[in-house]
Every structure is written in C-alpha cells, then in structure tokens.
Amino acid sequence: MEVKNCRGCGRLFNYMYGQQLCPACLGELEDKFQNVKEYLRSHPKAQMNEIAEENDVSVKQIKQWVREERLTFTEESQITLECEFCGGKVLTGRFCDKCKANLHNELSDAMKRPAAAPAKKESKGATSTKDRMRFLDS
C-alpha cells in the first residue's frame, strides 16, 4: 500500500488502486455522478456543456463515465462520442457495436486456434556440430 497525495484536495491517503483520490473526494465524485445520472433522466436531450454546468462537473469527467459505461446517452440525445477504432457513433463505452462484435470474434478465433507445435528434437544418434565436445591441442 502506498501513501499518495489526493488529486482533488492534496491530502495524504493510503492509495490502493483506481483514481488517486482520497475517500472523501471519491465520495464527493460519486455524489456528483448520481446527480448527473438523475439530471440525464429528467433532461435526456441536454447538451454536454449544459450537463457539466448544471452539475458542477467537467466535460472530461462526464466523458470518462461514458467510456467506463457508467453513463449511457439515449438515442434521442444529440450527444455521442467517437468509437476509438473506427470513429463511428458511440452512446456508451469505447467502441461502437460493430467494432465490439469484430473484436469479440477475433478474440474468440484466437482462443480456438491450436497452439504452435513444439520444434522437433534431433534423434539421439545425430548431434549437431555445435553440441559436440571440443578438445584443445596442447
């Protein structure tokens, strides 16, 4: 366990994993997340800047929650993010549905492929020149 400074308030805390925020700042951020979530339920067509201003959260933080699939925009929303692979429309997560399916198929195929056969060993009678014992002439 490490001791780090909180990126939110600067206090020292025992860091274990995840964001470098102390428990107090992490709780505050979670409260803001719940507020944004409720705001989106009541205002599904709100713009990103409007959501950020009304809930005292940065646009970057909202995008991070969407990338983590904690927030989802509705189909009627004007807000979308770009797929990190093809640049298509994404309502939640990092990849569009088409790219997710392609990645899933590629990973499934990779898991099904047989492992490469080990290299054949030479028979006991035939040794290569590099494996032979060398003698020094004196």
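**Overall architecture**

Along the sequence, the protein follows the pattern β-β-α-α-α-β-β-α. The model is a predicted one, and the points below are grouped by topic.

- The protein has 138 residues, of which 24% count as buried.
- Among contacts in the protein with a separation of 6 or more, 24% are accounted for by residues 24 or more positions apart.
- The accessible surface of the protein is about 11,000 Å², and carbon and sulfur atoms hold 51% of that surface.

**The largest nonpolar core**

- The largest nonpolar core contains 24 residues, and those touching the most other members are V36, I51, I62, W65, L71 and F73.
- At least two residues of this core come from each of strand 2 (12-15), helix 1 (23-42), helix 2 (48-55) and helix 3 (59-67).
- Helix 1 supplies the largest share of this core, with 6 residues.
- Which residues does L71 touch, not counting residues up to four places away in sequence? They are F33, V36, K37, L40, I62, W65, V66, L91 and T92.

**Helix 3 and its buried face**

- The buried residues in helix 3 are Q61, I62, W65 and V66.
- Viewed down the axis of helix 3, these buried residues fall within an arc of 145°, so they line one face of the helix.
- In general, an α-helix has 3.6 residues a turn, so residues three or four places apart point the same way.

**Aromatic pairs**

- A pair of aromatic rings is described by the distance of the centres and the angle of the planes.
- How many aromatic pairs does a search of the whole structure find? The search finds 2 aromatic pairs.
- One of them joins F13 and Y15, whose ring centres are 6.3 Å apart; their planes stand at 85°, so the pair is edge-to-face.
- F13 is buried, because its relative accessibility is 10% and therefore under 20%.
- Y15 also counts as buried, at 13% relative accessibility.
- The rings of F33 and W65 also form a pair, with centres 5.1 Å apart and planes at 70°, so this pair is edge-to-face.
- Because F33 lies in helix 1 and W65 in helix 3, the pair ties together parts that are 32 residues apart in sequence.
- F33 is buried, with a relative accessible area of 4%, and W65 is buried at 1% relative accessibility.

**Charged residues over aromatic rings**

- Two of the rings described above have a residue lying over the face: K4 in the case of Y15 and R70 in the case of F33.
- K4 is placed at 4.4 Å from the ring centre of Y15.
- R70 is placed at 3.9 Å from the ring centre of F33.

- N55 lies in helix 2.
- Is N55 buried or exposed, at 13% relative accessibility? N55 counts as buried, because this value is under 20%.
- Leaving aside neighbours within four places in sequence, N55 is in contact with K32, N35, V36 and Y39.
- V36 is also among the core residues that touch the most other members.

- D56 is not a glycine, yet it has a positive phi of about 55°.
- The loop between helix 2 and helix 3 is where D56 is placed.
- D56 counts as exposed, because its relative accessibility of 57% is over 50%.
- E69 is likewise a residue other than glycine with a positive phi, near 65°.
- E69 follows helix 3 and is found in the loop between helix 3 and strand 3 (81-82).
- E69 is partly exposed, with a relative accessible area of 44%.

Terms used. Residues are numbered from 1 along each chain as its sequence is written. This is a predicted model: local features need pLDDT of at least 70, side-chain atom pairs count only at pLDDT 80 or more; totals for chains, interfaces and linings use all residues. Side-chain values use heavy atoms; hydrogens and water are left out. A nonpolar core is a set of buried Ala, Val, Leu, Ile, Met, Phe, Trp, Tyr and Cys residues joined through side-chain atoms within 4.5 Å. Buried means under 20% relative accessible area, exposed over 50%, partly exposed in between (1.4 Å probe, protein chains only). Helices (H or I, at least four residues) and strands (E, at least two) are DSSP runs, numbered from the N terminus. Contact means heavy atoms within 4.5 Å. Rings of Phe, Tyr and Trp (its six-membered ring) pair if their centres lie within 6.5 Å; planes under 30 degrees apart count as stacked, over 60 as edge-to-face and the rest as tilted. A charge sits over a ring if NZ of Lys or CZ of Arg is within 6 Å of the ring centre and within 35 degrees of the ring normal. The arc is that of the directions from the helix axis to the C-beta atoms. Accessible areas come from the Shrake-Rupley method with a 1.4 Å probe; for residues, only the protein chains shown count as cover.
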